[in-house]
Every structure is written in structure tokens, then in C-alpha cells.
Amino acid sequence: MARRGRFSPRFSGGRSGFRRRGGETLPLKVRAVVIVLVVLAGLGGLFRFVNQRAAALASLDPDSLCPKAGPVSQFDVLIDRTDALTEIQGEALKRQILAWADAVPKHGAFKVYEVGHGGALLQPVVSVCNPGDGSDQSSLDSNPRMWRQRYQEKFTAPVQDMLERMRLDEEQARSPIMEGVQAIAVKDFGPDAPRGPKALMVVSDLLQNQTGFSLYKAVPGIDTFWPTPYATSLRVNLTGIHVEVYMLHRLKAASKQTDALGKFWIDWLERQGAQVDAFKSVPG
């Protein structure tokens with residue numbers, strides 16, 4: 001009896017110790033499972049993130065860098081290249097155009113057209129969307145340096161190349177500025193235009209010179225000009241378009257670039273629904 005009594009506590013104590021060890025391993029197993037689940041969830045989230053970024057990149061047109069579904073905004077520049085720029089004008093215009101380009105939002109369209117170049121229905125010399133400069137890209141799933149390079153090649157370099165060519169231009173006999181505005185309105189500001197902001201910058205000496213109508217001869221009032229057959233052929237809907245006019249001064253035609261000339265253009269644009277936000281002069 002004494003021996004069995006001594007055995008029983010030892011057996012009981014052993015059982016009790018086994019239960020404590022099992023109780024300690026259970027929380028460890030739970031924590032391990034939780035950690036595995038958290039890691040799997042994180043990897044799943046990263047996988048979805050990478051796929052979303054890849055899908056966003058695939059949704060861009062490789063040439064224009066515009067979304068295949070269409071740009072979010074439209075910013076156009078019409079430049080009068082019928083006369084060469086002075087060095088001061090060229091430098092001022094270069095800085096202004098690059099500032100405009102930098103202000104275009106990501107996935108917004110930026111186009112530059114030239115008066116007198118590209119036929120009646122102008123073709124842009126620069127047509128690209130801002131793809132972003134890579135500053136919002138993660139090194140985990142993309143290459144920020146690649147994005148910056150694409151930005152420079154597709155967005156900035158073409159603008160700089162065009163400005164260099166403009167300094168070498170020779171004087172042209174015709175200056176179809178109004179036709180240029182009409183062509184841009186038809187191409188970029190029609191029913192299929194982006195729903196976001198739309199703007200047009202007109203950079204010109206404003207001396208329209210076409211067969212049957214020349215502002216070198218005289219500047220008519222808008223009420224006199226508006227019902228003429230020539231004016232009727234130029235009408236287009238500019239409703240909702242924000243327009244800014246930048247006058248290029250010409251020494252040979254300084255006497256023609258009067259306040260009346262500026263007022264005529266503002267009146268003509270507003271008569272077609274445009275919102276003229278500014279009228280400025282290009283230095284030089």
C-alpha cells in the first residue's frame with residue numbers, strides 16, 4: 001500500500017506536466033498560422049498591385065502614351081510659323097511651351113499645331129499624352145527611370161525640336177490663322193473630346209492673310225465681318241474652350257498690330273463661344 005501510494009503521486013504529476021506542455025505549444029501553433037496567413041495576404045495584395053500597374057501600362061498607346069480609352073483633358077497650342085522668330089521670341093516661347101507641357105495633368109493630351117503647315121486639316125507636330133515622370137511609381141513593380149525616359153522622349157524632346165526648327169523659318173506669303181483655329185476645333189474639340197478641361201493657346205502675329213480677306217489691309221468690326229461669306233465658312237463651335245492669345249510682334253508690321261486688331265480676335269473667338277482668358281504679348 002505504501003509503495004502504491006508513492007507511485008500514484010508520481011504518475012499524477014507526470015500527467016499534469018504533459019498537459020502543461022501541450023497547452024504551451026497550442027498558442028505557438030496559432031501564432032505561426034496567423035503569421036503565414038498575414039504573409040499570404042500581403043503577397044496576394046502585392047500580386048494584385050503589380051497586376052493593376054501592369055494593366056494600367058498596357059492600357060496606354062505605345063506611340064502617344066495616351067490611354068486607349070482616351071485622354072482625360074485636351075491642351076492644344078497653335079503656333080504661327082509664317083514668319084521666323086527672333087532669338088528672344090524663340091527663347092520666351094520655348095519656356096512658355098515647356099511650362100504649358102509641364103502643366104498638363106497625367107494622361108492629359110498635349111498637341112502643338114503650326115499655322116500654314118500640314119494642309120487644310122492640320123496635322124500636329126507634337127501629339128502626346130503626359131505619361132507621368134515616374135515620381136508616382138514604385139520601384140517594386142516599375143522602373144521610375146524608365147518612366148522619366150519615356151516622358152523625355154515622347155513629351156519634352158519633340159517640343160524642343162520643334163522650337164529649334166521655328167527659329168529657321170522663312171516668311172510665308174499666306175497666313176491662315178483662322179483656318180488653323182477651325183481645324184483644331186473640328187479635330188480635338190468636337191463631340192468626342194475629353195470631358196475634362198479643354199484649352200487652346202494661339203501664338204501668332206494675328207495678321208490673317210488669305211485670298212479674299214487680309215488684316216494687313218484693314219481691321220473690320222466683328223458685326224461687319226461676321227455675316228460675310230468668308231466668316232461664315234470659318235464658323236465653328238468653341239463653347240467650353242478656354243483660349244489664351246499670345247501676340248508675336250513683327251517689326252515690319254508694327255503699325256498693323258493695333259488694339260483694334262486684338263479686339264477683333266477676341267470678339268471673333270467669343271462670338272463662337274470661346275472663353276478668352278488672356279491676351280498677352282510674347283517678349284521680343
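1. Contact here means heavy atoms within 4.5 Å. On that basis, and leaving aside its neighbours within four places in sequence, phenylalanine 75 is in contact with Trp100, Val104, Ala109, Phe110, Lys111, Ala199 and Met201. The C-alpha atoms of phenylalanine 75 and lysine 198 are separated by 5.8 Å, although the two residues are 123 apart along the chain. Phenylalanine 75 counts as buried, at 16% relative accessibility; buried means under 20% relative accessible area, exposed over 50%, and partly exposed in between, with a 1.4 Å probe and protein chains only.

2. Regarding provenance, this is a predicted model, in which local features need pLDDT of at least 70 and side-chain atom pairs count only at pLDDT 80 or more, while totals for chains, interfaces and linings use all residues. Residues are numbered from 1 along each chain as its sequence is written, and side-chain values use heavy atoms, with hydrogens and water left out.

3. The protein chain has 7 helices and 8 strands, taken as DSSP runs numbered from the N terminus (helices H or I, at least four residues; strands E, at least two). Of its 284 residues, 41% count as buried. Among contacts in the chain with a separation of 6 or more, 79% come from residues 24 or more positions apart.

4. An open sheet of 6 strands has the order 3-2-1-4-7-8, with mixed pairing; two strands pair if DSSP finds at least two bridges between them. Strand 3 (126–129) and strand 8 (275–282) are at the edges with a single partner strand each, so one side of each has no neighbour in the sheet. The twist averages 15° from one strand to the next. Strand 1 (residues 74–80), which contains phenylalanine 75, runs parallel to strand 2 (residues 109–115) and is joined to it by 7 bridges. Leucine 78 has tyrosine 113 of strand 2 as its bridge partner.

5. Which strands does helix 2 lie across? Helix 2 (residues 87–103) lies across strand 1, strand 2, strand 4 (198–204), strand 7 (242–248) and strand 8, at about 170° to strand 1. Helix 4 (residues 177–188) lies across strand 1, strand 2 and strand 4, at about 160° to strand 1. Axes are lines fitted to C-alpha atoms, for helices over the stretch in contact, and angles run from 0 to 180 degrees between N-to-C directions.

6. The count comes to 1 disulfide, defined as a pair of cysteine sulfur atoms within 2.5 Å. Cysteine 66 and cysteine 129 form this link, with their sulfur atoms 2.0 Å apart. Cysteine 66 lies in the loop between helix 1 (2–58) and strand 1, and cysteine 129 in strand 3, so the pair ties together parts 63 residues apart in sequence. The link is right-handed, with 90° about the S-S bond. Cysteine 129 is buried at 0% relative accessibility, and cysteine 66 is buried at 13%.

7. There are 6 salt bridges, each a side-chain nitrogen of Lys or Arg within 4 Å of a carboxyl oxygen of Asp or Glu. One of them joins lysine 111 and aspartate 188 (3.0 Å, N to O). Lysine 111 lies in strand 2 and aspartate 188 in helix 4, so this pair ties together parts 77 residues apart in sequence.

8. Arginine 250 forms a salt bridge with aspartate 83 (3.9 Å, N to O) and another with aspartate 205, the closest N and O atoms being 3.3 Å apart. Aspartate 205 and arginine 250 are buried, and aspartate 83 is buried with a relative accessible area of 15%.
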